Amino acid sequence: MAFLPEMVLLAGALALFLVTLGEGRVRQARTVALISSVAAIIACILSLWENATLFSGAYRVDQFSQVLKLVFGCGFTLVLLLIGNLDDIRDDIRPEYFFFLALSMVGLTMLVSCVDIITLVVSLEVSAFPLYFLVAMRRERKGQKSQMESAIKYIMFGVAANGVMFFGMSYLFGLTGTTSLTEMMPRLQPVIHSPLAIAGLGLTFCGIYYKLAVFPFHFWTPDVYQGASNETAGLVASLPKIGAIAVLVRFVSLASPDNHTVAIMLAILATASMFYGNLIALVQKDFKRLLGFSGIAHAGYALIGFVTLDQMGYAAALYYIIGYFLMVLACFIVICKVSRDGTNVSIDELAGLHRRSPLLALTLVVGVFALAGIPPFVGFMGKLSLLSAALSKGHLCLVIIAMINAAIAVYYYLCVVREACFRDPGDRLPIRLDWPTRVLCVLLIGGILALGVFPGRVLDTLSTSVACVTGGQAPAASAVADAR
Amino acid sequence: MTNLSPNESFPLLSILIFSPLLAAAIAAFIRSENLLRWWTLAFTSAAAILSLGLWRQFDPDTAKFQFVELSHWIPFLKVDYAVGIDGISLMLVLLTTLIMPLCVLCSWRYIQTRVKEFMICLLIMETAMVGVFCAMDFVLFFIFWEAMLIPMALLIGIWGGPRKIYASLKFFIYTMSGSIFLLVAIIALRYQVGSFSIPDMMRAGHSLPLGFQYWVFLAFFISFAIKVPMFPFHTWLPAAHVEAPTAGSVLLASVLLKMGTYGFLRFSLPITPDATHFFTPYVLGLSVIAIVYGGLTALAQTDLKKLVAYSSVAHMGFATLGIFALNTFGIQGAVLVMINHGVTTGALFIMVGIIYERLHTRDLGETAGIGRTMPIFSLFAGVFALSSLAFPGTNSFIGEFLVMSGGFAVSKGMMICVVPGVVLAAAYMLRMLQKIAYGGTHNPVYPGLKDLGFREIITLTPLLVFVFWIGLHPEPFTRVMEKSVQNLLEQTRQAPAVASVVRASSFELRTSDLP
């Protein structure tokens with residue numbers, strides 16, 4: 001029962017594998033994927049209050065993992081609605097696209113339950129490798145193989161970052177003699193201020209920084225966004241980041257409650273990411289690249305939550321990244337629908353969107369203003385909780401820097417709104433939306449608004465579930481002891 | 001304590017704040033443009049009539065916040081949903097609700113494209129504007145304060161004049177960058193005071209460390225000064241006013257600018273009282289500069305809207321001058337100036353809109369002499385122009401008189417510097433009036449102009465009533481805010497020992513009172 005969501009997704013992935021054995025079964029594959037995603041949501045809800053430790057303590061099912069699995073289940077459904085019929089993927093491999101996507105989802109759902117470094121690495125790779133393929137599956141255009149370039153960049157940077165991460169993990173293992181995170185936490189405490197432990201933690205974080213696109217590990221982001229098909233870019237930009245934040249919660253909590261050096265390190269990276277992402281986004285012409293750079297900045301905002309090294313900050317970061325998922329998906333649905341024949345969308349091409357499709361324009365405006373952090377959308381509430389958490393620990397400078405960045409970012413977000421709302425469409429034709437797209441738009445607008453206006457329950461749930469990880473509450477730890 | 005138990009009887013303020021959203025949602029499903037106009041007009045009028053209930057039930061003998069509603073909202077961040085009004089915010093809420101139907105009326109013909117979106121934007125604006133004046137929780141305040149930017153930027157950017165995109169972006173970025181430090185200050189205050197509740201922060205006032213107060217005051221100041229706008233931060237205003245559609249200009253002048261001065265009154269003075277005393281001379285200096293500079297610049301304008309826009313800078317200078325005079329006359333006068341400016345300048349923008357609808361120009365030279373064919377128009381224009389230059393018997397006279405008497409108590413030298421500003425007001429307003437009503441021997445370009453229609457007279461008459469009502473019998477208006485102003489001054493007074501007794505008894509809204 002505790003393992004139900006993973007089993008459902010795995011069964012879905014296997015069914016998709018069977019579907020891919022035939023030919024030209026895109027519709028079937030899509031239906032199977034949608035059914036498995038809905039089944040996964042149901043399974044997540046059924047197992048929401050489970051508590052169990054599996055595989056000799058390497059895999060833990062608790063509130064933290066279950067809440068995030070539910071998020072992934074819903075995210076999977078939304079992403080499936082987003083990618084639609086995969087017009088921009090090579091015809092003969094479209095069913096495989098769904099297969100790899102489902103496989104990546106299996107990896108992500110497992111990721112949040114892993115409490116052992118070995119299983120964690122395995123899940124991380126299971127979630128990452130299918131994505132490398134998805135990037136490369138874009139249709140070729142005029143002999144250009146930019147999607148291959150992007151995929152290779154993606155995989156090379158990924159492998160390099162993973163290598164660094166493994167190196168850091170080996171330090172942690174060497175210091176503590178265990179691969180289990182729950183055992184590592186108490187054993188690391190006496191030596192946590194030693195340079196070796198700091199180096200180990202810092203290097204371990206690198207693998208996650210890469211996933212999040214934090215400053216020195218961001219180089220793949222704009223190129224992959226640009227080279228991958230619009231749908232794939234939307235996927236790469238959204239779901240894996242939630243997984244990355246979840247893993248980061250586990251690793252950073254090793255350094256809790258007060259490790260000044262780690263906090264400083266995170267603060268510097270957050271600052272660099274925010275400035276770098278926002279300043280470069282100012283001059284972008286391609287909407288996907290713009291979102292790529294703004295994604296770097298948003299990763300910086302999310303890191304602010306970790307600087308605090310406490311439960312409130314982690315909960316705020318999770319809340320922010322879940323909100324970011326919705327906001328960025330809202331932008332990508334617009335990209336997918338505005339783009340002609342799957343090509344990339346420059347910002348000028350958004351001109352007159354309000355006449356071409358009012359619903360898309362509304363989705364874009366809501367998404368973009370939410371990214372800019374204007375209330376009453378989720379972006380504002382997320383920033384408020386992050387900044388409150390940071391200021392409660394006295395990081396005033398970081399808060400001011402974050403707000404300055406929010407002000408810089410307003411400009412390029414406004415430029416997007418300017419094109420979409422204030423300009424005339426010229427001779428561009430109206431866009432007709434199919435039903436799944438409309439449903440997705442309404443869901444996203446509703447989600448962004450609802451999370452922004454009524455964040456109370458969500459924040460409370462995330463806060464209590466983060467407590468399972470930070471060890472703030474005893475029950476989880478005692479469950480491990482019992483299992484052994 | 002007894003009459004302030006939350007959930008008194010009827011959540012009047014919440015209904016006023018959120019019903020426009022409901023109306024906007026309904027408007028989204030109306031197809032006919034005319035029906036949309038009628039629906040919005042009917043709804044905003046109903047809201048205006050409902051808000052008169054506030055006036056009737058308001059108890060002017062106390063400085064307490066009234067019509068309080070309080071409930072937990074986001075426990076994780078300790079943010080509450082708290083609304084309530086005192087005498088000062090009551091006036092501004094009423095101004096907002098009463099000006100809204102007029103905005104709909106003056107856009108009746110002016111807005112021909114995308115009527116539905118326009119009306120929805122107006123209704124969302126109403127929610128945000130009423131919300132700002134009612135919020136008793138700082139986060140709630142900030143949400144309304146910022147949320148207003150989106151519909152306003154759309155109003156300017158979609159239905160505005162030729163340079164609308166520039167004006168809209170400038171407005172948005174200016175205001176947004178002003179409020180980033182406001183947010184930092186709010187969060188910082190929360191950790192000093194322990195809650196986001198505005199009354200709690202006011203109570204904490206004097207106990208905050210002085211250095212901290214300075215920084216908070218400066219953060220507040222940048223944000224509010226941009227909104228007012230005070231002298232060096234005013235450059236977004238002419239652009240936004242000139243390009244905005246009539247209703248946008250009216251809302252901007254009548255309500256949005258008031259938010260800056262309201263912010264000074266509600267936050268800067270009571271929360272950072274010691275810093276206020278420290279910075280007062282500088283703010284007063286900027287106010288004087290704004291009055292003279294606004295007057296001089298207005299005198300040089302040939303675009304009618306720009307002229308009125310710069311006169312706004314001068315008028316708002318009077319408001320900030322009165323606020324930072326820090327005495328009863330000054331603050332009462334400042335609140336009156338805020339209301340009067342809302343009435344008079346709102347009316348002037350409607351007049352300019354009427355001219356533009358007929359002539360498609362706002363140039364002072366080209367509009368010369370139209371009064372000869374439009375006698376009713378000239379009558380209204382004359383009254384509002386006289387009101388704007390603070391002619392005795394009109395509303396602005398009372399406000400400016402109170403502000404000046406408050407200012408004289410502070411410094412005579414300063415008030416002598418203000419005198420040219422008053423004279424300039426007469427100069428630019430009479431110049432405009434003279435050109436429009438009598439200018440040129442004849443203006444053959446526009447023969448046979450139609451005088452004001454029934455709708456336009458209906459639009460302007462309420463404002464005309466207020467011009468004379470406040471001008472001839474201001475007592476009801478000053479009485480409503482008297483206690484609140486006195487209480488505000490108690491909180492701002494420099495000697496904390498005396499004030500604390502009064503303060504402790506005068507605020508009942510606490511988070512701890514919650515069930």
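What follows is a friendly chat about a predicted model with chains A and B.

Reader: Hi! What should I know about the numbering and the model before I start?
Author: Residues are numbered from 1 along each chain as its sequence is written, and chains are lettered from A and ligands numbered from 1 in the order in which they are written. This is a predicted model, where local features need pLDDT of at least 70, side-chain atom pairs count only at pLDDT 80 or more, and totals for chains, interfaces and linings use all residues, while side-chain values use heavy atoms, with hydrogens and water left out.

Reader: What is the mean pLDDT of chain B?
Author: The mean is 86, and 92% of the residues of chain B reach 70 or more. The term pLDDT stands for the predictor's confidence in each residue, from 0 to 100.

Reader: Where in chain B is the pLDDT below 50?
Author: One such stretch is residues 495–515 of chain B. Residues 1–5 of chain B also stay under 50. Where pLDDT is low, the predicted coordinates should not be read in detail.

Reader: Okay, now the two chains. How many residues of chain B are in contact with chain A?
Author: There are 32 residues of chain B in contact with 39 residues of chain A; contact means heavy atoms within 4.5 Å.

Reader: And how much area do chain B and chain A bury between them?
Author: About 3200 Å², with 86% of it on carbon and sulfur atoms. Buried area is the accessible area (1.4 Å probe) that two parts lose on being put together, summed over both.

Reader: Which elements of chain B give two or more residues to that side?
Author: They are β1 (66–74), α5 (138–147), α6 (149–159) and α7 (164–193) of chain B. The largest share, 15 residues, comes from α7(B). These elements are DSSP runs numbered from the N terminus: helices (H or I, at least four residues) and strands (E, at least two).

Reader: How do the residues on that side of chain B divide?
Author: Into 26 nonpolar, 3 polar and 3 charged. Here Ala, Val, Leu, Ile, Met, Phe, Trp, Tyr, Cys and Pro count as nonpolar, Asp, Glu, Lys and Arg as charged, and the others, Gly among them, as polar.

Reader: How many salt bridges does the rule find across the interface?
Author: The rule finds 0 salt bridges between chain B and chain A. A salt bridge is a side-chain nitrogen of Lys or Arg within 4 Å of a carboxyl oxygen of Asp or Glu. Over all chains, the structure holds 17 salt bridges.

Reader: Can you walk me through some of those?
Author: Asp223(A) forms a salt bridge with Arg289(A), with 3.3 Å between the closest N and O atoms. This pair links distant parts of the chain, with Asp223(A) in helix α9 (residues 220–227) and Arg289(A) in helix α12 of chain A, 66 residues apart. Salt bridges that share partners join Glu149(A), Lys153(A), Asp223(A) and Arg289(A) into one network.

Reader: Are Asp223(A) and Arg289(A) buried or exposed?
Author: Both are buried. Buried means under 20% relative accessible area, exposed over 50%, and partly exposed in between (1.4 Å probe, protein chains only).

Reader: Switching topic: what does the side chain of Ser89(B) make a polar contact with?
Author: With the side chain of Asp86(B), at 2.9 Å. A polar contact is a pair of N or O atoms within 3.5 Å; within protein, one must be able to donate a hydrogen and the other to accept it, and residues adjacent in sequence count only if both atoms are side-chain atoms. Ser89(B) lies in helix α3 (residues 87–106) of chain B and is buried, with a relative accessible area of 0%.

Reader: Last one: which peptide bond ending at Pro229(B) is cis?
Author: The bond from Val228(B) to Pro229(B), with omega near -15°. Pro229(B) sits in the loop between α9 (210–227) and α10 (236–243) of chain B. In chain A, a cis peptide bond joins Pro375(A) and Pro376(A), with omega about 5°. Most peptide bonds are trans.
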